[in-house]
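Here is a model to explore together, one question at a time.

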Amino acid sequence: MSKAKISTTLLFVSTFCFWAFIKPEWLNFHEQYQLFLFSTSYLTQHLALPGGIAIYLGEFLVQFFYNTYLGAMVAASTITTIYIILQKISNCYCNNQNTSSLQLLAPILILVYSGDENMLFTFPTAILLSLIMSLIYIKKFKTNIWLQFLFFPLIYWLIGYCVWIYVFTTTIYLIKKESNNYKTMAISGIQMLGLVFFMFWIAYFPIKNYPMCDIFMGIDYHRERMKIPFWQHIIAIICIITPPITTLLTKAKNIFFYTSISAITIIGILGVIKNYNPNIYSHIKLDYYVRWQKWNDILNYATKNNLNNVFANTAVNLALSQTNQMPDRLFEFKQNGNEGFLSNFEYNSFSTGPTAEACYYLGMINSTLRYNFDMQSAILNSKNSGRFFKRIAEAYLLNGNYDVADRYLRKLKQTLFYRSWAIETQNCLSDENKIMQNPEWARIKMFKYNKGLNFSTNNLPKVLITLHEHCPENKMALDYALSSCLVNKNLEEFIRLFPFYTKSYGTTNIPKIYQQAFAIACFQNNYTIDNMPSFISQEVKNDFIEFDNAYLINPKSKILTTGKFSNSFWKYYMEVGN
């Protein structure tokens, strides 16, 4: 097997494994912030934009990110194909196979640039299209220099900014290969000036609503408008200069191949470590786990990384509730007050994802709608979201607004991966029996509070207890209410609300955290050990005496923060070790 084939195989396998096993949340993040539709109107909307075909094809590929392994294969295939096309263009300059390592640099830098969570897959798609068109021109039309005048405006309209890769790649090739270099250089200079003029004309007449930087630097190459990352320019330049550089290295020895491969690999590893911001990707990973209900993965990840922020806290507390572990493991994790249960909205597209899902499982359907609408409107490039559309359609369905739900379902029917779900859900419209056959929907409809319910973090326990009173089976609402009192160290409110727990679940097998809270509340009200409620076990009473004695002797004692006290309410309440 040749070195080129070996490096191609290694590139594909390594990028596939990276996205399939190391960063699957990257795939999920990009898929959930677009909604690719198989419709004529969706296609014509893209054809009306300069670079619209690149956007359309990029979004077409991203829809496959819905499935982790299929998405990883699509992303890895795109990156690997860029490498293969660069090799073929380089071979048009010279048939040297020893320099195949140089073509790895551009794909590796695309992988590094992908660490910017707002880089859109339009960019690597446009690069691939520009290189394919360059190769076609070099192979088929190089003898007709004047045909270039007809090609570059059309190619610009198809792929946008990356037309520069096509223009410079074909121009450099023509200058090198054509005998009349002065004529070629003159025509090449004219075509570049013509392209600039064409872009200005596009900017000021047909596409007036787009800023100049988007016209020149690519529409939907990056989710943030008016931002042009330097990686975009570096990668484009490397794609242009790599093929001609190979002509200078035709006599390079094998050691160059292995040395350059090693250097590029090191660049890639260091670039990935630096450019994949751990703080941002921690949020993205948790959001990915929440979406696919990977509750144990959330708890394991939070335990290993000692996360301490509102986003992580809402995800962790949701996972604890869904695995029926909240009263037992609440203080194993950092807590952030009421916002650690249901946080206020921040104007970005994923910071309140766990809160939106928690509202859904609690039966707070109107809050679910509000959060999903807000996250939808906060998507930076104003795209629709398949994930949000699906949850909004469900919320309207459970609210009985079947006509509105149908509007969203009709859109989802035009997709590839949401279509079967949308068709199945459409069959449930106006049919309560079919809705109740779905266990999740039946449970949430039972939890749903039909009267007005104003929600804010200030009155959280009151709202949650109202939900529990409406449906005593809603244990999640009760656990959230009692746990929020403990997190805020509001023992008075906890004691007032605790009868709701004993009324529904009795006084046997009361979680140890709740017993610990009662013990310290009794102590504050001058109860003796013997006078404490009977549901407080003798083990908890003995542990409380041991904790109290150790605290009186030394409030900073290690005994208070280790062993059986490490995750106790007493440690949290007394702020030991904080």
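Q: Leaving aside its neighbours within four places in sequence, which residues is Tyr480 in contact with?
A: This is a predicted model. Setting aside neighbours within four places in sequence, Tyr480 is in contact with Asn317, Leu318, Ser321, Met326, Phe341, Leu342, Ala358, Leu362 and Leu464.

Q: Is Phe494 buried or exposed?
A: Phe494 lies in helix 27 (residues 491–505). Beyond four places in sequence, its contacts are Leu482, Cys485, Leu486, Tyr514, Ala517 and Phe518. Buried means under 20% relative accessible area. Because its relative accessibility is 0%, Phe494 counts as buried.

Q: How are helix 15 and helix 16 oriented to each other?
A: Helix 15 (residues 295–305) and helix 16 (residues 310–322) pack with their axes 9 Å apart, at an angle of about 130°. Angles of 65 to 115 degrees count as roughly perpendicular and those over 145 as roughly antiparallel. The two helices, helix 15 and helix 16, are therefore oblique to each other.

Q: How many residues of the contact of helix 15 with helix 16 are nonpolar, polar and charged?
A: Helix 15 brings Trp295, Ile298, Leu299 and Ala302 to the contact, while helix 16 brings Ala315, Val316, Leu318, Ala319, Leu320 and Gln322. The residues of this contact divide into nine nonpolar, one polar and no charged.

How values were computed
Residues numbered from 1 in each chain as written. Predicted model: local features only at pLDDT ≥ 70, side-chain atom pairs only at ≥ 80, totals over all residues. Heavy atoms only, no water. Helix = DSSP H or I, 4+ residues; strand = E, 2+ residues; numbered from the N terminus. Buried < 20%, exposed > 50% of the residue type's maximum accessible area, 1.4 Å probe, protein only. Contact = heavy atoms within 4.5 Å. Axes fitted to C-alpha atoms, helices over the stretch in contact; angles between N-to-C directions. Parallel < 35°, antiparallel > 145°, perpendicular 65-115°, else oblique. Nonpolar A, V, L, I, M, F, W, Y, C, P; charged D, E, K, R; others polar.
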